[in-house]
Amino acid sequence: MKRFNALFHKEWVEAWREKKLVWLPAVILLVTLLQPISLYFMPTILENSNSLPPGAVIELPIPSGAEVLAGTLSQLHTIGTAIIVLACMNVIVQERNNGSLMQLFSRPVNTATYIFSKWTMLVLLHLGAFTISYGAAWYYTNILFSDVSFSSVWKSFIIYCLWIVLVITVTLFVSTFLRRSGGVAGISILIMASIAILSTVIPDIAIYLPSSLLNLATEALNANKGNMHMGAILATTISFIALLLLTMIKQFEKSVKF
């Protein structure tokens with residue numbers, strides 16, 4: 001436990017030095033707040049644009065608070081996934097390429113402790129940033145549009161947190177195979193995109209897979225909707241994350257050579 005705490009502390013220190021503790025929450029907050037604020041001011045923006053003829057009247061339907069938050073999650077699903085991958089792609093690759101990994105493993109440190117210290121730090125960092133951002137989006141949605149119940153927001157928050165953890169795990173998993181950050185980012189995004197489009201390619205099977213997490217999270221915002229496959233989706237996602245972590249540890253033991 002002492003080795004884990006030491007490595008865990010080291011990861012936070014490095015994240016602070018790289019300003020990741022500042023720019024990551026700020027970027028995710030910006031992405032999430034764009035949706036409710038831009039929707040609220042959209043009629044004003046269109047009225048002041050020069051592309052409309054004189055005297056034109058713009059009447060846009062006012063979305064409900066649940067619809068606004070659902071759009072926020074959809075926007076975060078595309079842009080936010082890429083941000084998470086970019087924030088995680090160098091965590092292992094950089095230490096492997098600059099030689100610090102060799103110095104670290106010259107001490108009594110096992111691969112499981114090393115992997116879990118990085119994974120835990122990244123999960124806490126990203127979920128913390130998502131908590132602040134989604135909470136701010138919920139606050140402005142209740143002010144600018146209609147109220148969304150805390151229970152609905154809480155359910156959607158918990159469900160989407162699993163997608164964030166999955167993106168982090170996949171990126172670290174790819175990092176154990178590759179030594180170039182660009183390759184890690186490209187393959188990780190390709191894997192997540194492949195998972196996301198499963199719902200359109202094989203819809204009958206995808207309803208039980210992590211590709212349905214976004215739909216599950218948006219449905220949770222509507223108190224009148226439910227998903228009979230929720231348990232299967234969550235169980236499949238958690239099992240997939242656990243399998244990736246175990247495979248990552250085994251692969252890292254083989255790939256690290258001194």
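This report describes the fold, the nonpolar core and a few individual residues of a predicted model.

## Overall architecture

The protein contains twelve helices and zero strands, and, when its elements are read along the sequence, they follow the pattern α-α-α-α-α-α-α-α-α-α-α-α. Among the contacts between residues at least 6 apart in sequence, 80% join residues that are at least 24 apart.

Of the 258 residues in the protein, 42% are buried. The protein exposes about 13,500 Å², and carbon and sulfur atoms supply 66% of that area.

## The largest nonpolar core

In soluble globular proteins, nonpolar side chains tend to be buried together. The largest nonpolar core of this model has 68 residues, of which F130, Y160 and I168 touch the most other members. Helix α7, which spans residues 150-175, provides the largest share of this core, with 16 residues.

When residues up to four places away in sequence are not counted, F130 touches L73, L76, G135, F157, Y160, C161 and I164.

S117 is found in helix α6, which covers residues 111-144. Because its relative accessibility is 0%, and buried means under 20%, S117 counts as buried. Setting aside residues up to four places away in sequence, S117 touches F4, L7, F8 and E11.

L34 lies in helix α2, which runs over residues 20-47.

Leaving aside neighbours within four places in sequence, L34 is in contact with L39 and Q75. L34 and T72 are 38 residues apart in sequence, while their C-alpha atoms are 8.0 Å apart in space.

## A nonpolar patch on the surface

On the surface, I197, V201, I202 and I205 form a nonpolar patch, and together these four residues have about 350 Å² of accessible area. One of them, V201, has its place in helix α9, which comprises residues 198-201. V201 is exposed because its relative accessible area is 58%, and exposed means over 50%.

Note on methods: Residues numbered from 1 in each chain as written. Predicted model: local features only at pLDDT ≥ 70, side-chain atom pairs only at ≥ 80, totals over all residues. Heavy atoms only, no water. Helix = DSSP H or I, 4+ residues; strand = E, 2+ residues; numbered from the N terminus. Buried < 20%, exposed > 50% of the residue type's maximum accessible area, 1.4 Å probe, protein only. Contact = heavy atoms within 4.5 Å. Patch = residues over 30% accessible without salt bridge, like charges linked within 9 Å, V, L, I, M, F, W, Y side chains within 5 Å. Areas by Shrake-Rupley, 256 points an atom, 1.4 Å probe, with all protein chains shown as cover. Salt bridge = Lys/Arg side-chain N within 4 Å of Asp/Glu carboxyl O. Core = buried A, V, L, I, M, F, W, Y, C linked by side-chain atoms within 4.5 Å.
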